[in-house]
Amino acid sequence: MTTTRKQYSPKFKARVAIEAIRGEKTLNQLGSHYGVHPVQIAHWRRAALEKLEEVFLDGRRRRDRAEEVEKEGLYEEIGRLKVELDWLKKKAGLLG
């Protein structure tokens, strides 16, 4: 028998994480109130705190970081394609 996993909206996660950050209630109290496991709430709280700094970054810096990530991915793909091309050239040389 299969069970489907619960999926929570980002808005719901944010609301629960903010309450956890406030610390007015314990994680167990929040978990019983919202019907979410306290460990999951702790993960959401940690993720919110880690990403909070990015909210206040200058837009130009955020764009620069996104461009760096994209460049890294493209360079990785170029390297992978070069290796495949070299391998195909080697195999084609053996056939011809």
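**View 1. Glu19 on helix H1.** Glu19 lies in helix H1. Helices here are DSSP runs (H or I, at least four residues), numbered from the N terminus. The model is predicted: local features need pLDDT of at least 70, side-chain atom pairs count only at pLDDT 80 or more, and totals for chains, interfaces and linings use all residues. Residues are numbered from 1 along each chain as its sequence is written, and side-chain values use heavy atoms, with hydrogens and water left out. Glu19 has a relative accessible area of 21% and is therefore partly exposed. Buried means under 20% relative accessible area, exposed means over 50%, and partly exposed is in between (1.4 Å probe, protein chains only). Leaving aside residues up to four places away in sequence, Glu19 touches Glu24, Leu30 and Tyr34. Contact means heavy atoms within 4.5 Å.

**View 2. Aromatic pairs at Trp44.** The whole structure holds four aromatic pairs. Rings of Phe, Tyr and Trp (its six-membered ring) pair if their centres lie within 6.5 Å; planes under 30 degrees apart are stacked, over 60 edge-to-face, the rest tilted. Tyr8 and Trp44 pair edge-to-face, at 5.4 Å centre to centre and 75 degrees between the planes. This pair links distant parts of the chain: Tyr8 sits in the segment before helix H1 (10-22), Trp44 in helix H3 (residues 38-55), 36 residues apart. Tyr8 is partly exposed because its relative accessibility is 25%. Trp44 has 10% and so counts as buried. Phe12 also pairs with Trp44: the centres are 6.2 Å apart and the planes at 85 degrees, so this pair is edge-to-face too. Phe12 lies in helix H1 and Trp44 in helix H3, so the pair ties together parts 32 residues apart in sequence. Tyr8, Phe12, Tyr34 and Trp44 form one aromatic cluster.

**View 3. The largest nonpolar core.** Nine residues make up this core: Phe12, Val16, Ala17, Ala20, Leu30, Tyr34, Val36, Ile41 and Trp44. A nonpolar core is a set of buried Ala, Val, Leu, Ile, Met, Phe, Trp, Tyr and Cys residues joined through side-chain atoms within 4.5 Å. H1, helix H2 (27-34) and H3 each supply at least two of the core residues. H1 gives the largest share, four residues. Tyr34 touches Phe12, Arg15, Val16 and Glu19, not counting residues up to four places away in sequence.

**View 4. A nonpolar surface patch.** Ile21, Leu49, Leu52, Val55 and Phe56 make a patch of about 510 Å². H3 gives the most, with three residues. Leu49 is in helix H3. Its relative accessible area is 45%, so Leu49 is partly exposed. Nonpolar patches join side chains of Val, Leu, Ile, Met, Phe, Trp and Tyr within 5 Å, from residues with over 30% relative accessible area and no salt bridge. Areas come from the Shrake-Rupley method with a 1.4 Å probe.

View 5. The whole structure has three salt bridges. Each is a side-chain nitrogen of Lys or Arg within 4 Å of a carboxyl oxygen of Asp or Glu. Arg65 bridges to Glu68, with the closest N and O atoms 3.4 Å apart. Both lie in helix H4 (residues 59-95), three residues apart, about one turn. Arg80 and Glu76 meet at 3.8 Å, N to O. Glu76 is exposed, at 53% relative accessible area. Asp86 bridges to Lys82 at 3.5 Å between the closest N and O atoms.

Methods: Patch = residues over 30% accessible without salt bridge, like charges linked within 9 Å, V, L, I, M, F, W, Y side chains within 5 Å.
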